[in-house]
Amino acid sequence: MATGKLYTYPDNFRAFKILIAAQYSGAKITLVQDPPSFKFGETNKSPEFLSKFPLGKVPAFEGNDGVCLFESNAIAYYVANSQLRGEDTLSQAYVQLYVNFADSEILPAACNWVFPTLGIMQFNKGNTERAKEDIKKALGYLDEVLKTRTFLVGERVTLADISVACNLLLLYKSVLDPQFRAPFRNVTRWFTTVVNQPQAKAVLGEVQLCEKMAQFDAKKFAELSGKKDKKKEEKEAKKESKKESKKAQPKAAKPDEDEEEERPPPAPKEKKDPFADLPPPTMDMDAFKRSYSNEDTLTKALPHFWEHFDKENYSIWHAEYLFPEQLKLIFMSCNLVGGMYQRLEKMRKHAFASVIIFGEDNNSTISGVWFWRGQNLIFKRSDDWDVDYESYKWTKLDPDAPETKKMVEEYFCCEGEFDGKKVASYKIYK
């Protein structure tokens, strides 16, 4: 039975799945989430924490026996019991299928839809509408699966149910109003069953399904992002000073100040252009992608690429996944790559990649070739892109080197020598 500490921050839905799994298995977990023991953004960046968890990610589990794990799905699996993991090989495979489905098909869309309503992400109508469609598609699939089932795998709760339910939690609490969820009655029946299990209620408490779809809160976003209008801040500071000095006098704000209070909050400022420090783009990325999609890669798309590639303003990189020992089934590795692509949706017009899964089930690796605008790691140019990339080793390639030419050809064509590695599957980012 696992025992140890779980480092996280309050109400982290990723931690919920771990804590629920522990309720089922009897694992003894001490939750460390409040100052002074843990302060997100400080404690997880300290040398002591990074010596155990080099990426500084939470949730992070430190076992009493010295085991140190990050990534919520891995920790949940570790603290679970055989019932939750699946009691035979096929059941275990289906459990992993739904765990990965939750992270690749539900979570990115859930974040794009819900986070703006919480004020922690800028609202983008196109992204929100696309997220709604992605959620409808995922719920439609689950609804069909759950027509004749109480739980996703077998006759009892497994990590499949826990993971999917936790990733749906924010949706059901914030935006899946009665009208939206009406077509997915089987999913809602299953969801309420899972979250009302004693083990889940011990972690989540009473889960209330939303009655009114939450909307983007511009004021909250402005406050959380620190993007309040400077003049308004100065006026507010001036008013506070005035109140302090004239407490005995009746409130007599100037008319324009009263009017200011009645005005709606200022619209959040647009995010800075991630490429503001670079010259205008010199390569038509869309033209290359059309060639890659519609023409022969070797005879058309590759010549197009090298003819238009501008080595002064674009760069080529090789990426190697750092944790191949954690890779299990090939389809799970494909989902891992696909999830990264989804979370990098806003970066598509600036980059292209071919990422290949090599090997076979339980013995595989992931690597790929990317190119993008700029000479440095593109992921650091925007908070929206600062995801997943730390799980890879990135090596910048010399575009004039013969070995780079060969590597680009092999990866773009998804076939070749690859130093003896066997291609199992691949994912194109375009």
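A: A cavity is a set of grid points where a 1.4 Å probe fits but cannot get out. Its volume is the space filled by probe spheres set on those points. Keep in mind that this is a predicted model.

Q: How many cavities of 30 Å³ or more does a search of the whole structure find?
A: Rolling a probe the size of a water molecule over the atoms shows where empty space is left. Here the search finds four cavities of 30 Å³ or more.

Q: Which residues line the largest cavity?
A: A lining residue has an atom within 4 Å of a cavity point. For the largest cavity, the lining is I20, Y24, V157, I162, A165, C166, V194, V195, A200 and L204.

Q: Now the whole protein. How many helices and strands are there?
A: Count 17 helices and nine strands. The protein has 430 residues, and 46% of them count as buried. For that label, the relative accessible area must be under 20%.

Q: What share of the contacts with a separation of 6 or more comes from residues 24 or more positions apart?
A: A contact means heavy atoms within 4.5 Å. In this protein the share is 74%.

Q: What is in the largest nonpolar core?
A: The largest core holds 67 residues. L152, L168, L171 and W190 have the most contacts inside it. Two or more residues come from each of these elements: helix 1 (13-25), helix 3 (72-79), helix 5 (89-117), helix 6 (125-145), helix 7 (159-174), helix 9 (185-195) and helix 10 (198-204). Helix 5 gives the largest share, 13 residues.

Q: Which residues does L152 touch?
A: Leave out residues up to four places away in sequence. L152 then touches Y98, L142, V145, L146, A160, D161, V164 and W190. There is also a second, separate core, with 29 residues. Among them are F275, Y321, L344 and L377.

Q: Is S367 buried or exposed?
A: Check its relative accessibility. S367 counts as buried because its value is 0%. S367 sits in strand 7, which covers residues 363-373.

Q: What joins the side chains of S367 and Y411?
A: A polar contact pairs N or O atoms within 3.5 Å. In this pair the distance is 2.7 Å. Leaving out residues up to four places away in sequence, S367 touches H318, A319, E320, S354, V355, I356, F358, Y411 and K421.

Q: Where is Q96, and what does Q96 touch?
A: Q96 is in helix 5. Its relative accessible area is 18%, so Q96 is buried. Beyond residues up to four places away in sequence, Q96 touches Y77 and M332. Now compare sequence with space. Q96 and K328 are 232 residues apart along the chain, yet 9.2 Å separates their C-alpha atoms.

Q: Where do E71 and C414 lie?
A: E71 is in the loop between strand 4 (68-70) and helix 3. With a relative accessible area of 33%, E71 is partly exposed. C414 is in the loop between helix 17 (402-413) and strand 9 (423-429). C414 has 10% relative accessibility, so C414 counts as buried.

Methods: Residues numbered from 1 in each chain as written. Predicted model: local features only at pLDDT ≥ 70, side-chain atom pairs only at ≥ 80, totals over all residues. Heavy atoms only, no water. Core = buried A, V, L, I, M, F, W, Y, C linked by side-chain atoms within 4.5 Å. Buried < 20%, exposed > 50% of the residue type's maximum accessible area, 1.4 Å probe, protein only. Helix = DSSP H or I, 4+ residues; strand = E, 2+ residues; numbered from the N terminus. 1 Å grid on protein atoms, 1.4 Å probe; cavity = no way out; pocket = protein on both sides within 12 Å on 5 of 7 lines; lining within 4 Å. Polar contact = N/O pair within 3.5 Å; in protein donor to acceptor, adjacent residues only side chain to side chain.
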